[in-house]
Amino acid sequence: MAWLYLAIAIAGEVAGTTALKASNGLTHLGYTGLSFASYGFAFYFLAIVLKSVPVGIAYGIWSGAGVALVTLIGVFGFGQKLDFFAYIGIGLIVCGVLVLNLLSNASPH
């Protein structure tokens with residue numbers, strides 16, 4: 001269940017960050033409220049995950065997956081442009097998350 005809860009926490013963090021961008025500096029109250037609620041949701045599920053998954057592993061996966069997903073939303077949803085090295089950096093983050101999940105013995109499987 002920890003991995004399902006981690007996926008839920010990641011989804012909450014991605015929703016919160018996307019709503020934060022859409023809030024236009026916290027000036028649109030609907031998106032601002034959605035952002036705060038989404039982050040609360042994300043932290044709640046991350047806290048549950050931390051009962052059984054080491055903090056470094058859980059946070060690395062949570063933040064790395066969040067960065068990659070928010071980047072995709074930024075590019076396709078908000079029309080943001082990235083250069084070659086930004087894509088390389090995001091790719092390295094994704095590779096790090098995969099190594100933690102698939103190869104590391106520190107991560108409970």
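Which residues in H3 are buried? The legends below take up this question and then turn to other parts of the predicted model.

**View 1. Helix H3 and its buried residues.** The buried residues of H3 are Ile 57, Ala 58, Ile 61, Trp 62, Gly 64, Ala 65, Gly 66, Ala 68, Thr 71, Gly 74 and Val 75. Their cover includes helix H1 (2–22), helix H2 (29–49) and H4. H3 itself runs through residues 55–77 and has 23 residues. From its first C-alpha to its last it reaches 31 Å, close to the expected 33 Å. After H3 comes Gly 79, with a positive phi near 70 degrees.

**View 2. The whole chain.** The chain has four helices and zero strands. Read from the N terminus, the order of elements is α-α-α-α. The C-alpha trace spans about 45 × 35 × 15 Å along its principal axes. Of the 109 residues in the chain, 32% are buried. Among contacts with a separation of 6 or more, 66% join residues 24 or more positions apart. The accessible surface comes to about 6,600 Å². Carbon and sulfur atoms account for 74% of that surface.

View 3. The structure holds seven aromatic pairs. One of them is formed by Tyr 39 and Phe 43, and this pair is stacked. The ring centres are 6.4 Å apart, with 25 degrees between the planes. The planes count as stacked because the angle between them is under 30 degrees. Tyr 39 and Phe 43 are four residues apart in helix H2, so about one helical turn separates them. Phe 43 has 47% relative accessibility and therefore counts as partly exposed.

View 4. Is Trp 62 buried or exposed? Trp 62 is buried, with a relative accessible area of 7%. Tyr 59 is partly exposed, at 46% relative accessibility.

**View 5. A cluster of aromatic rings.** Tyr 5, Phe 41, Tyr 44 and Phe 45 belong to a cluster. Ring pairs make the links between them.

View 6. Most residues other than glycine have a negative phi. Which values of phi do Asn 24 and Leu 26 have? Asn 24 is not a glycine, yet its phi is positive, at about 55 degrees. Leu 26, also a residue other than glycine, has a positive phi near 65 degrees. Asn 24 sits in the loop between H1 and H2. Leu 26 is found in the loop between H1 and H2 as well. With a relative accessible area of 42%, Leu 26 is partly exposed.

**View 7. A nonpolar patch on the surface.** The patch is formed by Val 94, Leu 98, Val 99, Leu 102 and Leu 103. Together these residues have about 480 Å² of accessible area. Val 99 lies in helix H4, which covers residues 84–102. At 44% relative accessibility, Val 99 counts as partly exposed.

Definitions and conventions. Residues are numbered from 1 along each chain as its sequence is written. This is a predicted model: local features need pLDDT of at least 70, side-chain atom pairs count only at pLDDT 80 or more; totals for chains, interfaces and linings use all residues. Side-chain values use heavy atoms; hydrogens and water are left out. Patches are made of residues with over 30% relative accessible area and no salt bridge: like charges are joined within 9 Å, nonpolar side chains (Val, Leu, Ile, Met, Phe, Trp, Tyr) within 5 Å. Accessible areas come from the Shrake-Rupley method with a 1.4 Å probe; for residues, only the protein chains shown count as cover. A salt bridge is a side-chain nitrogen of Lys or Arg within 4 Å of a carboxyl oxygen of Asp or Glu. Helices (H or I, at least four residues) and strands (E, at least two) are DSSP runs, numbered from the N terminus. Buried means under 20% relative accessible area, exposed over 50%, partly exposed in between (1.4 Å probe, protein chains only). The expected span of a helix is 1.5 Å times one less than its number of residues. Contact means heavy atoms within 4.5 Å. Rings of Phe, Tyr and Trp (its six-membered ring) pair if their centres lie within 6.5 Å; planes under 30 degrees apart count as stacked, over 60 as edge-to-face and the rest as tilted.
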